[in-house]
Amino acid sequence: MLNKSIAVIGAGNMGTSLIRGILSAQLTAPKRIVASGPRLEKLARLKTEYGIAVTDDNRDAAKQADIIILCVKAAVIRSVLEQMHDVLHKDQFIISIAAGVTTASMEKVVGKNVPIVRAMPNIASTVGLGSTAVSFGKHVHEKQHDIAVKIFEAVGEVVVVGEHHLDAVTGLSGSGPAYIYMVIEALIDGGVKMGLPRDISTKLAIQTVLGSAKLVKESNVHPAILRDQVTTPGGTTINAIHELESHGLRSMLIDAVATATNRSKELSELINRH
Ligand SMILES: NC(=O)c1ccc[n+]([C@@H]2O[C@H](COP(=O)([O-])OP(=O)(O)OC[C@H]3O[C@@H](n4cnc5c(N)ncnc54)[C@H](OP(=O)(O)O)[C@@H]3O)[C@@H](O)[C@H]2O)c1
């Protein structure tokens with residue numbers, strides 16, 4: 001139990017996942033969470049479902065909070081921080097999940113030595129299996145490190161990285177679910193091409209990805225060794241692996257992560273220009 005009051009500014013996909021995770025990990029009581037957003041009618045559902053407070057006044061939400069979690073789009077981060085600027089103080093701390101917005105640019109807007117944590121979660125946080133990387137701005141204390149990590153552990157796994165690594169994190173785990181959805185979709189179509197009913201093919205493809213990931217994680221064995229273990233000489237799998245290698249599957253995925261990382265850098269430079 002953190003026993004802190006938390007304001008979640010922007011309760012969309014990610015904000016709602018965090019609220020759900022924080023409550024199910026019992027990090028704080030529902031009545032100590034306030035969600036803020038522009039449309040009260042949308043927030044009313046959260047109030048009913050989770051018993052938290054809601055408001056359409058970001059400033060008011062921030063005023064009463066120990067921890068302020070910014071879950072709005074990067075384009076509005078600056079205006080949201082400016083809006084709450086006069087109520088912020090250095091005994092609170094801010095966690096932002098907005099892609100690309102650096103701690104330095106937020107510190108510049110907020111001032112007053114308010115500690116700022118930047119995190120890059122992913123959409124799997126919605127089902128408690130997120131991957132989040134966190135990095136800390138210059139005013140963040142050790143105790144706040146632990147709190148930030150605990151908050152994201154409530155929705156999955158957490159790594160702590162230097163802020164300069166967050167673009168690569170975005171290219172790997174931030175955008176990664178989209179790559180895996182494409183893999184799943186293609187496997188389903190492969191099964192269908194070979195005559196399997198679509199529902200059966202879907203079930204098998206999803207479980208194959210889920211089970212393979214769980215095995216790598218739980219066995220702690222390198223994926224190349226696990227692959228060798230299921231590859232019979234002259235059998236089906238080695239023939240399929242040859243096919244994948246000749247189409248450059250591994251290079252393609254390495255390039256995808258590199259391209260997304262570079263794009264994240266470019267966008268970040270644009271966002272933090274001012
Ligand atoms: N989705 C991901 O996979 C992912 C992964 C990592 C990081 N992120 C980051 O997480 C942030 C949120 O993403 P999301 O996918 O959760 O987006 P989202 O579902 O669109 O949520 C954004 C929320 O912010 C609200 N909002 C808009 N303007 C606001 C304002 N001025 N004050 C307070 N709330 C405001 C929106 O309300 P209305 O809908 O009523 O306008 C919406 O509920 C982004 O910065 C994104 O970069 C997302």
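**Exercise 1.** Determine how far a polar side-chain atom of Arg39 lies from an oxygen atom of the ligand.

*Solution.* The distance in this predicted model is 2.9 Å. A polar contact is a pair of N or O atoms within 3.5 Å; within protein, one must be able to donate a hydrogen and the other to accept it, and residues adjacent in sequence count only if both atoms are side-chain atoms. Next, take Asn58: an N or O atom of its side chain is 2.9 Å from a nitrogen atom of the ligand. Finally, an N or O atom in the side chain of Lys73 is 3.3 Å from a ligand oxygen atom.

The model is predicted, with local features requiring pLDDT of at least 70 and side-chain atom pairs pLDDT 80 or more, while totals for chains, interfaces and linings use all residues. Residues are numbered from 1 along each chain as its sequence is written, and side-chain values use heavy atoms, without hydrogens and water.

**Exercise 2.** Describe the residues around the ligand.

*Solution.* Then sort the shell by type, which gives 14 nonpolar residues (Ala, Val, Leu, Ile, Met, Phe, Trp, Tyr, Cys and Pro), three charged ones (Asp, Glu, Lys and Arg) and six polar ones (the others, Gly among them).

**Exercise 3.** State what share of the chain is buried.

*Solution.* Apply the cut-off first: buried means under 20% relative accessible area, with a 1.4 Å probe and protein chains only. Buried residues then form 41% of the 274 residues in the chain. The C-alpha trace spans about 70 × 40 × 30 Å along its principal axes.

Definitions and conventions:
Near = heavy atom within 4 Å. Buried < 20%, exposed > 50% of the residue type's maximum accessible area, 1.4 Å probe, protein only.
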